[in-house]
Amino acid sequence: MPRSGQDPAVKPAPCIPAVFLAALCGCARLPGPVPPPAQPAPAGPPAHYALLWEPWAEERIVEGIDKEIHDDWRWAGRRAVLRFRLEETRGVQFEAILVVPEELVRAGARRIEVRIGGRLLGEIPAGRAGYQAWKQPVPEDWIEPGKDVTAELTADAEWLQGKQRRTYMLSSAGFTL
Amino acid sequence: MPKALSVLFGAGFTVLCAWALGRMALKRARLELAREEAHLLAFLCGAPLLSLLVTAMCAARAVYDAAVLAAGAAILAAAWKDGAFRQQELAPLPALPRLWRWLFGAVFATYSVIAVIAAMAPEMSPDGSSYHLGIVARYYREHGFARIDTNLYAALSQGLEMLFLWAFAFGRHSAAALVHCAFYLALPLLMLRFGQRMDAPQAGAAAGLFFLCSPLALVDGTSAYTDAAVACVVFAVVYLTERGAPAWLTGVMGGFAYALKYTAGFVVLYPLLRLAWRKQWRSCAVVFAAAMLTAAPWPLRNWLYYGNPAAPLLNRVWPNDFVHVSFEQDYVEFMRRYPGIESYAQLPLELTVRGRLLGGFWGPLFLLAPVGLLALRRELGRKVWLAGVILAAPYAANIGARFLMPAAPFVSFAMALGLPAPALPWLAAAHAIGGIPDFPDKYLGDPGWRRLEIPWRAALRLEDETQWLARQSAGYRAARLVEALTPPDALVLALNGIPESYTSREIAVGFQSGRNERLLDCLQVALFDGMRPKVEAVFRIPKLELEGVRVVQTNSPKPGDAREKDLWSIVELRVYAEGAELPRQPGWRVWAKPNPWGAPLAFDGSPATRWRSWERIRAGMFLQAEFGRAEAVDEVRLLMSDDQFGVQMQLQGKAPGGGWRVLGGDPPRRRAAVPLALRRMAVAELRRGGVTHLLLHEGDYAWDDLSRNAQAWGIREIGSVDAYHLFQLE
């Protein structure tokens, strides 16, 4: 409040920035909720990758992988074969995500060979138990867009769980960037 | 040579028009002026008026050569009619001692010649040739203001750029630099006159030379930057305050300081404090009001164009999609501590003799700056320190050497007052000799940013401008390549800046605006493994009837936490019931906070786009979808990237007719298949965002993958020069 004798004309001055800022703060232009954009045609399960906890992964499995799904993985046999189809072959890598159990190490395993279309891409080390996310670039001339290609994972050892032959727990495998 | 004449005309016409407006303003200010200060102050006081006029012309989109020429002619005619050109009988200031008359005269003349030559040379400074003049050139092409959403620097106040634009119309880049040079040269004269006025002529002369001959002031003041003009204008505010100029004039100059650079607006505190000290409240109000009015066009433009009057700052106060809060958070941190600066103890040597880490150096003379504290014994010294402290205060926000420019004249003055008078001529002379291009190289090794030569052949255009620029300016030829190989409406996404003022094409540098960051994000999502959509977070809940689902962020990392800088992102949010996805209907409503603009990106079905918080994670952020009716829901899946370890989420549901309630905590995450066509999808998104071309340098992080897999990306190289490669999006 102005005290007696003060010029009231000068009193609003300190209020000006506060009023100005408050007014502008109230003018923040935020959009409200909006409808979702136009939706693309629904895509089916990917043909280049197998998520082994998904039922549709059966379509990718050729042999050597259990039908039973445990949480987010399946048992793989000594020789596991999957079939994929790629729409893009440039700059892609092959990936396998798996867990090597202690039993496989004790059985003397050293490696899991990975072959793409019959050609050796590399070896996943299996001499130590634990989680493995293995990825390796795939030469462009090994794969053709739109054509089936097989990926073969061959362990150099296996172990027995009851009467079942086991190697490692495969979570997912396929082509990625 | 004709080009050199057009450069001189452009700059001369600008200075003349400012001077003419200033003469008319000073006449009305009824300020008693001495002969030596009348013309100097006329130029400086006319500059804000001319700047406001050009601002109005830009707002009216009336910037045409003929309009500029006609407006200039009208100003000069009005000034002539007002008697501005008439000789006045004015009293002189107290004379300078003979030694100082000669020393100041000789050094000032020498440096003026060097400065004018340097400024006339083709503009090649990093910021000048990129955004300062890039934006001026854009305004010139569009005849006024344009909403430039690809360059956050376009939202800075542009008081000086308005003068650049006036000069640019006739002399292009070098004319603009020469206008800045006029302020650089006016400042030492103003400091000298201030000293004469304040009964400290030797200190004024010495301080003027200390500033003039500093390597940083020389290189900055002769480029199309704004710092020397800021220093000059803030000094003029102090000068006018001490001269008892009318409050409206001081206020206009203070507002102009803000129009030149946000942080320079602090100078208004000086007259306000001085007037408040004398209890001149009415004058305080007038200073404040005049400053606000002069500064007002810039917050007003920013609010209209960018939704944030303080753009590109304060984006949390005024949320907008022009500049992301995350950018501001990172930028502010970066500016407080430049790379290589581990301790503030490094600053004295970096600022004075090294200059490599802080973008320039002031010269070894400024190691004596602490002596300036002795000036506190005198009243003039205390005034100078008050102004210096006010203007140095924002320095902590950006420790680059040139950000001391507004305070430098006052530090110089304090030094000159504190040092023994007999030492001043020797120190000034040594500093002057030591600052000539490129003497610093002889005694300091290879210090930071400075003038390396006096390019008189280039200045007079005796050497071909394009060849000189191609040799001197990294990226100049890339700018010309873009100009030659792209259509006029091209939008070129680049990862690093080029001298974009030399092309008329719009260059969107990755980090320079929210739009650019979002475009670049599409590219990075396909480029970097950690940013690809390869994680699926799955909330499973008992089947419920819900009207909407909301994913809420629950983590607020503490400062110093390794995840403090994480941003939250969601590529797709999908809702399921009994394993089947709930189709997204037009009746749905999607929203997010922060970044509501990006919410649709989490519902567009594209793995190449994502909603991002664009702000460091904090509890309470959310992304939601409302269905418009009750739907059965038992699962919500979030497709995400792997670059957000600090993110902790909670699922909330909206019960029919009720409010939001918590349904589940942090969800388990599992692998998702990355589409092999992600690169091509990213480029499709860029195209959808308006990008037509990509400009990459061989040193860019994206170069390797994009050049090796160009076909997979859907881009085609159409030209290259100097390790720059231009790709067209197919």
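Biologist: Hi! Which backbone oxygen lies 3.2 Å from a polar atom of the R301(B) side chain?
Modeller: That's the backbone oxygen of A155(B). Bear in mind that this is a predicted model.

Biologist: Good to know. And which side chain does the side chain of R301(B) make a polar contact with?
Modeller: The side chain of Q158(B), at 2.6 Å.

Biologist: Is R301(B) buried or exposed?
Modeller: R301(B) is buried, yet it has no salt bridge. The nearest side chain of opposite charge belongs to E161(B), and that is 8.3 Å away.

Biologist: Where does R301(B) sit in chain B?
Modeller: In helix α13, which covers residues 297-306. Leaving aside neighbours within four places in sequence, its contacts include Y139(B), F145(B), L156(B) and Y306(B).

Biologist: Switching topic to the two chains: how many residues are in contact between chain B and chain A?
Modeller: On chain B there are 45, and they touch 43 residues of chain A. Together the chains bury about 3,700 Å², with 65% of that on carbon and sulfur atoms.

Biologist: How many salt bridges are there between chain B and chain A?
Modeller: Three. One of them joins the side chains of E54(A) and R670(B), at 3.9 Å from N to O. The rule also finds eleven residue pairs in polar contact across the interface.

Biologist: Which element of chain B gives the most to the side that touches chain A?
Modeller: α12(B), with five residues. Others that supply at least two residues each include α13, β7 and α24 of chain B.

Biologist: What kinds of residues make up that side of chain B?
Modeller: They divide into 29 nonpolar, five polar and eleven charged.

Notes. Residues are numbered from 1 along each chain as its sequence is written. Chains are lettered from A and ligands numbered from 1 in the order in which they are written. This is a predicted model: local features need pLDDT of at least 70, side-chain atom pairs count only at pLDDT 80 or more; totals for chains, interfaces and linings use all residues. Side-chain values use heavy atoms; hydrogens and water are left out. Helices (H or I, at least four residues) and strands (E, at least two) are DSSP runs, numbered from the N terminus. Buried means under 20% relative accessible area, exposed over 50%, partly exposed in between (1.4 Å probe, protein chains only). Lys and Arg count as positive and Asp and Glu as negative; His and the chain ends are not counted. A salt bridge is a side-chain nitrogen of Lys or Arg within 4 Å of a carboxyl oxygen of Asp or Glu. A polar contact is a pair of N or O atoms within 3.5 Å; within protein, one must be able to donate a hydrogen and the other to accept it, and residues adjacent in sequence count only if both atoms are side-chain atoms. Contact means heavy atoms within 4.5 Å. Buried area is the accessible area (1.4 Å probe) that two parts lose on being put together, summed over both. Ala, Val, Leu, Ile, Met, Phe, Trp, Tyr, Cys and Pro count as nonpolar, Asp, Glu, Lys and Arg as charged, and the others, Gly among them, as polar.
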